[in-house]
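Here are my notes on the model below.

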Amino acid sequence: VRVPDVSFISWDRLGSRFVPITPIPDLSPDLAVEIISASNSKNEMIRKLHEYFDAGVSLVWYVYPKTRTAIAYTSPETFTEIDALGELDGGAVLPGFALSMEELFRKVAPPQ
């Protein structure tokens, strides 16, 4: 069982248009978001990335609070690095959605 820090599941993926009531439903999200901390090893995050895409996830965002940056993956080998002045893009998963890194971290204290 892999549960991301944040996820988005489209109504199309749910099929029935009813939100499952089970604590951990047997489905994968369209978007998985991981907030990377010092306790996350590089090998762990590579493994998670492959598991997400093997399960059918279309977009994975790794967000790095310490540097206020992110990496957006559309496959384990295809990614875009987003710097502190860039923005996360919803791509085909969330057409038209964009979130600037500045806005994402606006109310968070700067790293020490």
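1. Start at Leu88. Leaving aside residues up to four places away in sequence, Leu88 touches Trp61, Ala70, Ile82, Phe97, Ala98, Leu99, Met101 and Leu104. Contact means heavy atoms within 4.5 Å.

2. This is a predicted model: local features need pLDDT of at least 70, side-chain atom pairs count only at pLDDT 80 or more, and totals for chains, interfaces and linings use all residues. Residues are numbered from 1 along each chain as its sequence is written, and side-chain values use heavy atoms, without hydrogens and water.

3. The largest nonpolar core has 13 residues. Those touching the most other members are Leu31, Trp61, Ala70, Ile82, Leu88 and Met101. Strands S2 (31-35), S3 (59-64) and S4 (69-73) each give two or more residues to this core. S3 gives the most, with three. Another core, of 11 residues, lies apart from it and includes Ala32, Met45, Phe53 and Ile71. A nonpolar core here is a set of buried Ala, Val, Leu, Ile, Met, Phe, Trp, Tyr and Cys residues joined through side-chain atoms within 4.5 Å.

4. Buried residues are 34% of the 112 in the chain. Buried means under 20% relative accessible area, exposed over 50%, partly exposed in between (1.4 Å probe, protein chains only).

5. The chain has three helices and seven strands. Their order from the N terminus is β-α-β-α-β-β-β-β-β-α. Helices (H or I, at least four residues) and strands (E, at least two) are DSSP runs, numbered from the N terminus.

6. The C-alpha trace spans about 45 × 30 × 25 Å along its principal axes.
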